[in-house]
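Reader: I would like to learn how to read helix packing and a few backbone features. Can we work through one case together?

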Amino acid sequence: MSKKFYVIWKGAKTGIFTTWPEVQQHTAGRSDAQYMGFESKSAAEQAFASTYTKALMQRSLTKKGSASSSPSGNRKSTSKNANEKTTTVSANGPSDIEIYCDGACSPNPGKSGTGIAVYESSKVTSLYFGLYQANGTNNTAELNGLLSSFQLAQHFIDKNTEQSICILSDSKYSIDCITKWAKGWQAKGWTRGKGEEIKNLALVQQCYALYKTIQSKITIRHVKGHANIEGNELADRMAVLARKQQQESMIRYTETINIKAILAMESG
């Protein structure tokens, strides 16, 4: 069931909202955006009076509590599934929702953009492009893609918790940052050990915080770039479009989705 109340802590406008389009309007294109959906107005009000970080922690603890209250016969299975979600997994057939994300940068570092292609029941239903940075890198563009994909995944989860969701990226770096390395970096006070700086730290932290709240509901898969995988190619064209149009906000591609015509556009 779709949640009816959304809290925005950081965005063009903050407060409590009742529709997803409002949330998109006030948070699109902001890598520092902080928002979350709730099932009741009272829960939203309580969360808004606190902080985004505390709300994330509370949701994580609630999910852990639900898992620990499972019958003893199911505990081993639940633990195994949770572990499987922390690493990149191979797809076992198509998911209900597939979100392809990609970044483009030219030169590197230089002008960058991010693109997303969303498939529902194996059919592309929407494309997004934006998050232009005049001094970006391939890695920041790819991390922005993961963050935007997590935000879209959260929206689908809020609407229907039974749908299977897979996020697909051709960036091994961004996937490993979130699913493998971030946990250890956090344990070391967000360093790589010996005080070594973590590149793109703020972006990694935001991705990881959101990832932890939805990881049991999604899978993440690495796909080979420029290998004629339709979703990846469409996301690539959207990323280049964002870079060329210098589109700072993440917006929906509103023209007719003509796959052949889009694939004929400039690639990254």
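Author: Start with a pair of helices. In this predicted model, α6 and α7 are roughly perpendicular to each other, because their packing angle is about 105°. Their axes lie 10 Å apart.

Reader: Which residues of α6 and α7 make the contact?

Author: From α6 come Cys177, Ile178, Thr179, Ala182, Lys183, Trp185 and Gln186. From α7 come Val204, Cys207, Tyr208, Tyr211 and Lys212. Helix α6 covers residues 172–187, and helix α7 covers residues 201–214.

Reader: What describes two packed helices in general?

Author: Two quantities: the angle between the axes and the distance between them. Now apply that to α5 and α7. Their angle is about 25°, with the axes 10 Å apart. That angle makes α5 roughly parallel to α7.

Reader: Is the crossing of α5 and α7 left-handed or right-handed?

Author: Left-handed. On the α5 side, the residues that meet α7 include Leu143, Leu147, Phe150 and Ile157. Their partners in α7 include Leu203, Val204, Leu210 and Ile214.

Reader: At what angle do the axes of α5 and α6 cross?

Author: At roughly 55°, and the axes come within 9 Å. The two helices are therefore oblique to each other. This crossing is right-handed. Asn139, Glu142, Leu143, Leu146 and Phe150 of α5 make the contact with Tyr173, Ser174, Ile175, Cys177 and Ile178 of α6.

Reader: How should I read the interior?

Author: Begin with the general idea. In soluble globular proteins, nonpolar side chains tend to be buried together. Here, buried residues make up 46% of the 268 residues in the chain. The largest nonpolar core has 44 residues. Helix α5, residues 138–159, gives the largest share of this core, with eight residues.

Reader: Which residues have the most contacts inside the largest core?

Author: Ile99, Phe150, Ile178 and Ile218. Take Ile99. Leaving aside residues up to four places away in sequence, Ile99 touches Ile116, Ala117, Val118, Ser149, Leu152, Ala153, Phe156, Ile165, Cys166, Ile167 and Leu168. There is also a second, separate core of 16 residues, with Leu127, Leu168, Ala235 and Leu241 among them.

Reader: How do I place these details in the whole chain?

Author: Look at the totals. The chain has nine helices and nine strands. Count the contacts with a separation of 6 or more: 70% of them join residues 24 or more positions apart. The accessible surface comes to about 13700 Å², and carbon and sulfur atoms account for 48% of that area.

Reader: Now the backbone. Where are the cis peptide bonds?

Author: Read omega. Ser106 and Pro107 are joined by a cis bond, with omega about -10°. The bond from Asn108 to Pro109 is also cis, with omega near 0°. Pro107 sits in the loop between β4 (97–106) and β5 (110–120). Pro109 belongs to the loop between β4 and β5 too.

Reader: Which residues have a positive phi although they are not glycine?

Author: Leu131 is one, with phi about 60°. His226 is another, with phi about 50°. Check the setting of each. Leu131 lies in strand β6, residues 123–136. His226 is in the loop between β8 (218–222) and α8 (230–245).

Reader: Is Leu131 buried or exposed?

Author: Buried, because its relative accessible area is 9%, under the 20% cut-off. His226 has 48% and is partly exposed.

Technical notes:
Residues are numbered from 1 along each chain as its sequence is written. This is a predicted model: local features need pLDDT of at least 70, side-chain atom pairs count only at pLDDT 80 or more; totals for chains, interfaces and linings use all residues. Side-chain values use heavy atoms; hydrogens and water are left out. Helices (H or I, at least four residues) and strands (E, at least two) are DSSP runs, numbered from the N terminus. Buried means under 20% relative accessible area, exposed over 50%, partly exposed in between (1.4 Å probe, protein chains only). Contact means heavy atoms within 4.5 Å. Accessible areas come from the Shrake-Rupley method with a 1.4 Å probe; for residues, only the protein chains shown count as cover. A nonpolar core is a set of buried Ala, Val, Leu, Ile, Met, Phe, Trp, Tyr and Cys residues joined through side-chain atoms within 4.5 Å. Axes are lines fitted to C-alpha atoms, for helices over the stretch in contact, and angles run from 0 to 180 degrees between N-to-C directions. Angles under 35 degrees count as roughly parallel, over 145 as roughly antiparallel, 65 to 115 as roughly perpendicular and the rest as oblique. A crossing is left-handed if the near helix is turned anticlockwise from the far one by less than a right angle, and right-handed if clockwise.
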